[in-house]
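Hi,

Here is the structure I said I'd pass on.

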Amino acid sequence: MNIIIVGCGKVGQALAQQLNEEGNDITVIDMLAAKVNETAARYDVLGVVGNGATHAVQQEAGIKNADLLIAVTGSDELNLLCCLIAKKAGNCHTIARVRSPQYSSEAPYLKEELGLAMVINPEQAAAAEIARVLRFPSAIKIDTFARGRVELLKFKLPEDSPLAGLAVKEISTKLHCDVLVCTVERGDNAYIANGEFRFLDKDIISIIASPKNANAFFKQIHYKTNAVKDVMIVGSGDITHYLCEALNRSGFSIKVIEKDLQKCEELSEKLEYVTVINGDAVDQQILLEEGIENTGGFVALTNLDEENILLSLFAKSVSKGKLVTKVNRIDFDDVIRHLELDTVIYPKNITSESIVRYVRAMKNTIGSNVETLYSIIKGKVDASEFIIRDNSPVVGKPLMELKLKKNVLVASIWRDRKVLIPRGGDSIQVGDSVVIVSSFPLHDIADILEK
């Protein structure tokens with residue numbers, strides 16, 4: 001596909017890298033020549049310097065032959081204008097990043113009236129992910145397939161876990177749980193687990209299960225499953241606004257600590273159900289006075305990554321609550337992973353992954369039938385969802401008879417409104433929604449078979 005990306009910030013660069021690696025032809029546009037040159041050289045893509053909201057610059061970038069334009073500049077209005085011009089000049093699909101809360105309720109209208117394929121709000125998407133993990137505190141991260149009926153949950157084994165020393169194949173026989181282990185992260189290594197794989201303390205594990213079976217599994221391994229009822233949030237930006245709305249709908253008690261008095265007053269006026277405290281959370285005494293030791297969830301959402309990390313480390317030292325840490329910079333994610341911060345949210349990654357999933361869905365019409373894609377372990381393992389629409393080579397044969405490539409796992413089958421955790425005797429049928437975990441990109445369900 002021919003794709004134009006307007007904006008060479010962190011999200012634009014992440015998109016250029018991911019979409020280029022998947023075989024798309026990428027052109028980036030930015031008004032800063034240094035940004036364009038850096039992105040073009042690093043990811044081997046074409047670059048155009050100029051205002052992406054002008055017809056002339058879009059023409060230079062090849063808008064007439066483009067399949068998709070993605071506008072991810074720092075301005076909502078500029079992004080919308082880029083998409084509007086692209087629709088007129090090239091009649092291609094368009095995606096706009098729109099961040100302001102004042103536009104959030106307008107998103108369906110904007111999408112319809114401007115003919116946008118997608119409107120992505122990083123802060124709202126980040127808030128939705130935080131709300132998911134607060135509702136299910138056992139998980140570090142939760143991804144959903146089959147329209148939410150199948151969950152892929154990532155969690156860390158605590159010390160002295162009943163799972164430590166067990167082999168994957170013993171989960172069903174000894175724990176009587178219908179879940180499927182997909183991946184295990186151990187240090188810097190990643191594994192797609194087979195039946196003989198044995199767990200160790202501090203392994204990070206991804207499982208697939210229905211929500212009901214996931215709950216049963218965590219109870220069996222004595223993992224904390226108590227739902228969070230009260231949350232302390234530090235920082236009052238846009239993510240906090242969206243998160244408070246989501247948590248209020250679920251009946252949470254919410255307390256926000258913010259050092260800027262004006263922001264406190266604005267938040268109090270907009271969200272009357274939130275307890276707003278004017279104070280600097282870096283002062284540990286304030287956190288202790290406001291009850292951090294007994295809070296069910298602690299979310300660090302300031303604008304400074306370093307401050308969020310330090311606040312979460314302090315919260316971990318005094319509380320057993322669920323911790324969520326927002327990190328904007330993605331450069332040091334490998335370092336941050338070793339800090340054991342529980343759940344870390346990267347809004348920029350959420351944005352780029354959402355857009356990449358849409359691009360994959362677009363490819364359905366030109367040779368790919370991937371419905372949904374999630375990166376389970378960044379750069380190492382993906383989970384891809386396929387809808388089986390025809391008699392492909394995988395249909396009708398028991399899984400044990402299929403010659404699957406190495407590092408491929410058929411993780412779940414959604415059929416007749418039921419989640420099936422597949423075993424060797426099960427087979428894939430036309431109409432199934434199938435989740436495949438693999439260490440390499442898949443464009444078609446048949447890609448899982450040895451040639």
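Helix H7 (residues 122–135) and helix H15 (residues 347–362) cross at roughly 100°, with their axes coming within 9 Å. The axes here are lines fitted to C-alpha atoms, for helices over the stretch in contact, with angles running from 0 to 180 degrees between N-to-C directions. On the H7 side Pro122, Ala125, Ala126 and Glu129 do the touching, and they meet Pro347, Ile350 and Thr351 of H15; contact means heavy atoms within 4.5 Å. Sorted by class, this contact has 5 nonpolar, 1 polar and 1 charged residues (Ala, Val, Leu, Ile, Met, Phe, Trp, Tyr, Cys and Pro count as nonpolar, Asp, Glu, Lys and Arg as charged, the others, Gly among them, as polar).

Before going on, some housekeeping. This is a predicted model, where local features need pLDDT of at least 70 and side-chain atom pairs count only at pLDDT 80 or more, while totals for chains, interfaces and linings use all residues. Residues are numbered from 1 along each chain as its sequence is written, and side-chain values use heavy atoms, with hydrogens and water left out. Helices (H or I, at least four residues) and strands (E, at least two) are DSSP runs, numbered from the N terminus.

Next, strand E11 (residues 204–209), where 6 of 6 residues are buried (under 20% relative accessible area, 1.4 Å probe, protein chains only). Ile204, Ser206 and Ile208 are buried on one side, and Ile205, Ile207 and Ala209 on the other. E11 pairs in the antiparallel sense with E8 (residues 150–156) over 6 bridges and with E9 (residues 180–186) over 5 bridges; pairing takes at least two DSSP bridges. Ser206 is the bridge partner of Lys154 and of Thr183.

The largest nonpolar core has 54 residues, and Leu163, Phe199 and Phe217 touch the most other members. Such a core is a set of buried Ala, Val, Leu, Ile, Met, Phe, Trp, Tyr and Cys residues joined through side-chain atoms within 4.5 Å. Beyond four places in sequence, Leu163 is in contact with Leu157, Ile171, Leu175, Phe199, Ile205, Phe217 and Ile221. Another core, of 26 residues, lies apart from it and includes Leu19, Leu68, Ile70 and Ile355.

Last one: Ala117 sits in the loop between helix H6 (107–113) and strand E6 (118–120). Ala117 is buried, at 18% relative accessible area, and touches His93, Thr94, Lys111 and Tyr358, leaving out residues up to four places away in sequence.

Cheers

Definitions and conventions. Buried < 20%, exposed > 50% of the residue type's maximum accessible area, 1.4 Å probe, protein only.
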